[in-house]
Amino acid sequence: MFEKIAEDSLLYDFYGELLTARQKDVMKLYHEENLSLSEIADEFGISRQGVHDALKNAEKALMEYEEKLGLIKRFIEKRASMAALNSELNRMIEHNKENSELDRELTGIKDIIESLEQ
C-alpha cells in the first residue's frame with residue numbers, strides 16, 4: 001500500500017499540473033489532506049462514487065502521461081547512475097589519498113555530482 005501511495009505521489013509531482021482542476025483538487029484532498037471519499041464528496045457536493053471515479057480517472061491519466069513521456073523512469077535511472085558514480089568517486093578518493101592533486105580533483109567532481117543530486 002505504501003508503495004502505491006509513493007507512486008501516486010511521484011506521478012502527481014511530475015504530472016499533476018496536466019490534470020484538470022477538479023482532478024487536482026480531488027487528488028490533493030485525498031492524498032495530501034488525507035480526506036476520505038465521503039468527506040471529499042461532501043466538499044464538492046457529489047457522490048462518493050463520483051469522487052472514486054474522479055480519483056481513478058486522475059490516476060489513470062497520470063499513468064498514461066508516464067507511459068508516454070517516461071520522465072519518472074528517466075529520473076530514477078539518472079539518480080541510480082549518479083549514486084553509482086558517487087560511490088565510484090568515493091572509492092577513488094579513498095584509494096588516492098596520497099596524491100593530493102588528484103584527491104582535490106576527485107573531491108571537486110564529487111561535490112558537483114552531489115549538487116546535481118539535490
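This is a predicted model: local features need pLDDT of at least 70, side-chain atom pairs count only at pLDDT 80 or more; totals for chains, interfaces and linings use all residues.
Let me start with D8, which lies in helix α1, residues 2–15, where helices are DSSP runs of H or I with at least four residues, numbered from the N terminus. With a relative accessible area of 5%, D8 is buried, a word I use for residues under 20% relative accessible area, while exposed is over 50% and partly exposed lies in between, with a 1.4 Å probe and protein chains only. Leaving out residues up to four places away in sequence, D8 touches H31 and E59, and by touching or contact I mean heavy atoms within 4.5 Å.

Residues are numbered from 1 along each chain as its sequence is written, and side-chain values use heavy atoms, with hydrogens and water left out.

Now to the way the helices pack. The axes of helix α2, residues 21–32, and helix α4, residues 48–69, come within 9 Å and cross at roughly 100°; these axes are lines fitted to C-alpha atoms, for helices over the stretch in contact, and angles run from 0 to 180 degrees between N-to-C directions. The two helices α2 and α4 are therefore roughly perpendicular to each other, the term for angles of 65 to 115 degrees. On the α2 side the contact involves Q23, V26, M27, Y30 and H31, and these meet V51, A54, L55, N57, A58, E59 and L62 in α4. Sorted by class, this contact of α2 with α4 has 8 nonpolar, 3 polar and 1 charged residues, where Ala, Val, Leu, Ile, Met, Phe, Trp, Tyr, Cys and Pro count as nonpolar, Asp, Glu, Lys and Arg as charged, and the others, Gly among them, as polar.

Helix α4 also packs with α3, and here the axes come within 8 Å and cross at roughly 100°, so α3 and α4 are roughly perpendicular to each other. From α3 the contact takes L37, S38, I40 and A41, and from α4 it takes R48, V51, H52 and L55.

What are the residues with the most contacts inside the largest nonpolar core? They are L19, V26, M27, V51, L55 and L62, in a core of 17 residues, a nonpolar core being a set of buried Ala, Val, Leu, Ile, Met, Phe, Trp, Tyr and Cys residues joined through side-chain atoms within 4.5 Å. Two or more residues of this core come from each of α1, α2, α3 (37–44) and α4, and the largest share, 6 residues, comes from α4. Taking V26 on its own, and leaving aside neighbours within four places in sequence, V26 is in contact with I40, F44, V51, A54 and L55. There is also a second, separate core of 5 residues, which includes M82, I93, L106 and I113.

In helix α5, the buried residues include I72, M82, N86, L89 and I93.

Is N34 buried or exposed? At 61% relative accessibility, N34 counts as exposed. The phi of N34 is near 60°, a positive value in a residue other than glycine, and for comparison, most residues other than glycine have a negative phi.

Terms used:
Angles under 35 degrees count as roughly parallel, over 145 as roughly antiparallel, 65 to 115 as roughly perpendicular and the rest as oblique.
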